[in-house]
Every structure is written in C-alpha cells, then in structure tokens.
Amino acid sequence: MGLKKSTRIVEINPEKFSMLELSEAVGLLREGKIVAFPTETVYGLGANAFDESAVKKIYLAKGRPSDNPIIVHVCDEEQLKDVVREVPQNARALIKKFWPGPLTIVLKKSPKICSAVTGGLDTVAVRMPSHKVALALIKECGFPLAAPSANSSGKPSPTIADHVFADLFGRIPLIIDGGKCEVGVESTVISFVGADGKNLIVPTLLRPGKVSVEEIEEVIGKINVPASDSKTKHAKKPLSPGMKYKHYSPKAEVVVVMPGKDFLKKVFEIGGGKDIGVLSFTKRVGVDREFFFDGNVESYAKMLFEAFREFDNKGVELILAEGVSEKGMGLALMDRLKRASSKII
Ligand code: TXA
Ligand code: MG
C-alpha cells in the first residue's frame, strides 16, 4: 500500500500544546515504531530504548553503522536509574547544573538498555533535553527514547523538520515539527568511564557542544580534552565510535579560513570564478550567497547546518567559512566546521 511509504508531519507549538497533540507519536512509539522529534540541539529520531527491535529500525532508517551507539534521552532523574548502573559524584554535579540541557554524559550502562542502543559497549550515553516537546513526549511514553540526530547518516544534522523530511521521507511514519532548533549543533558529550571500564576521576570530552569546556570545568575542575581528531578520519581507536565517521558534510567542498587571516582576501583568491557560498563572521563579504553572523558564535552555530543544506540546494560548489576562536562554544562550531571541510587555511 502507498500509505506505508508516507511520512506525516504534525506541527506542535512548543510554547502552547496539549498532550492530545502528542498522542499519535506516543502511540507509534509504544508500538515499537520510530518518530522524529525536536530537541533544543537538533532533531532526534526516537525509539523505545528498552525495545531492541524498535532501536534497530533507527539504524535502518538512517543507514547508520550498527557499531555507532545512540544517545538515550530521559525526562527526569527517576528514568535515569533504569538507564545507568551508577552516577559518580562529579557526573551528578554536572547533571545538577546542566540538565535539562545540551549535555550528554557517558556512564556504565544498566542491563535494561538493549545492546542495539550501545553498539555492544558496556557504557551508555544519556541526556535530558530541555525542549518542552521532547520532555513531554518522553514523559508521556513512560520510557526513555534512544535517539540519534534525525538525518541520514553522513548528512548534516537536521535543525528544522524539513531537513528530516528531505532525508527520511518514506522511511519513518511521523515527524513532530516543533520549529527551528535553538542551539543548532549536537550536544556536548563527556565520558566518565575509561577504556578499562572503570569510572574516570578526570572525565574526557568526546564531543564539544553548547555546554563549553570552561563551563564544565567551573563545576568539576579540569577535564581531559583530547586534541581534535577531526583531521585523522581513520583514527585507530576513537574515543567515541561516532567520531571515526565523516560527519556533517554538505555536498559542496568546504574550506575553513582560520581567524586572524584576511577572510575577504581569501574569499576572492580561492573563490574566484567558482559558484561559492560564504559564511562570514567578522565582516560582511557582500556576495549573493552569504550568511553573515556579526561576531555572534551562537547564531553561527544555530544556522550552520541549515546553511550547508541551503547551499547544497542551490548547487554551490565551494563553501568558504570564516573560522572563530576555539573558546566557549567556538570549540564546538570549529569542530563541526573542520569535520565538514576538506581544507583548513
Ligand atoms: O544533541 C544531540 O546529542 C542529538 C540530539 C538528538 O539529542 N543527538 C545526537 O546523536 O547528536 P548522534 O547519534 O548523532 O551522536 C551521538 C554521539 C555519537 O558520536 C556516538 O558515537 C556517541 O555520541 N556515543 C553514543 N553512545 C556512546 C557511548 N556509549 N560511548 C561513547 N560515545 C557514545
Ligand atoms: Mg548524528
């Protein structure tokens, strides 16, 4: 039947909605189906984290390698008890400060979490999103949702419902459209478990995000921030399985110009004669296809993936992106830019 192949979109206003509007999504998730939903970072593709066959559908829909584990989303600390075995004190302190919000912590997994979620690892990544629709959805379901970003594997993460539709149309039954994601890049991921399976005294940053290293260190002291592995795409043993895959790439070639260089000059040197898209940060370049962020790292991050997709839709060959200082959220923005790029100058 043609019906099976269609993907419905339900619009929900995060500021004003009733549980009734979520009932279709909740029904599907309870039946072991998968549903895309908004979070404050990017859209997620959710399944019941306790249901192995439901979680497997996520990998299939995204074309995701099965050894890349998925983040579990909880709505309260009660649910956390069914996801992890224990919460060390330093992890507890971060939870207190940053949840609900864009911080994911990796802890020892509870036996209740199926191995499809963790890609066979003994650890699990978990976060409590702050998006009202996400929280209400998880609460109403009564179980945590395993949810990676709702893009097809290798594409930039989706920050509006249209991106999800473009990637997953016909592969999932329902998308909840809650508008544009506030943060625009994926959550910060920090691990409290070492390679030996023991809890770490000094936890390790696995992925920079909105919650910055500086903010984390204010709460728990120094953390381990491994040198960016974004250019060693074939690292032998990446700390986080997902980091070994190429990410966030538009079809167009991306060149990042480091801060301190004359961006304007580079745009004309490298981009001359080409169909270019420009992401400018300090000064407007004045080309047709340009997003200018006027020194605001938050708006740069919020628009980054959308800009990538827009440039691709317009057939841009080369994207020139002005780099920012790797402080605060700048570290996350530069991480995503570098991963998408073929050249950093
Ligand atoms: O903001 C976000 O985190 C979004 C929204 C939907 O919550 N989700 C997201 O999920 O970005 P995903 O699957 O695209 O990225 C999850 C990252 C991957 O790099 C994965 O390898 C890593 O987290 N990860 C998941 N479980 C892990 C674990 N047990 N140990 C180490 N890394 C893990
Ligand atoms: Mg992803």
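This is a predicted model: local features need pLDDT of at least 70, side-chain atom pairs count only at pLDDT 80 or more; totals for chains, interfaces and linings use all residues.
I then asked which elements of domain 1 face domain 2: α7 (161-168), β10 (199-207) and α8 (213-220) each supply at least two residues of the touching side. I sorted that side of domain 1 by class and noted ten nonpolar, nine polar and eleven charged residues.

I next searched the interface of domain 1 and domain 2 for salt bridges, and the rule gave four. I recorded a salt bridge between E306 and K180, whose closest N and O atoms are 2.5 Å apart.

I checked the bounds of the two parts: the domain assignment places domain 1 at 1-243 and domain 2 at 253-344. I noted a separation of 27 Å between their C-alpha centres. I counted 30 residues of domain 1 in contact with 19 residues of domain 2. For the area buried between domain 1 and domain 2 I have about 2,100 Å², with 54% of it from carbon and sulfur atoms.

Is A147 buried or exposed? I classed A147 as buried, because its relative accessible area is 5% and the cut-off for buried is under 20%. Leaving aside neighbours within four places in sequence, I listed the contacts of A147 as F37, G44, L45, G46, I70, I71 and H73. I also looked up V55, 92 residues from A147 along the chain, and found their C-alpha atoms separated by 8.7 Å.

Technical notes:
Residues are numbered from 1 along each chain as its sequence is written. Chains are lettered from A and ligands numbered from 1 in the order in which they are written. Side-chain values use heavy atoms; hydrogens and water are left out. Domain bounds come from an automatic or database domain assignment. Contact means heavy atoms within 4.5 Å. Buried area is the accessible area (1.4 Å probe) that two parts lose on being put together, summed over both. A salt bridge is a side-chain nitrogen of Lys or Arg within 4 Å of a carboxyl oxygen of Asp or Glu. Helices (H or I, at least four residues) and strands (E, at least two) are DSSP runs, numbered from the N terminus. Ala, Val, Leu, Ile, Met, Phe, Trp, Tyr, Cys and Pro count as nonpolar, Asp, Glu, Lys and Arg as charged, and the others, Gly among them, as polar. Buried means under 20% relative accessible area, exposed over 50%, partly exposed in between (1.4 Å probe, protein chains only).
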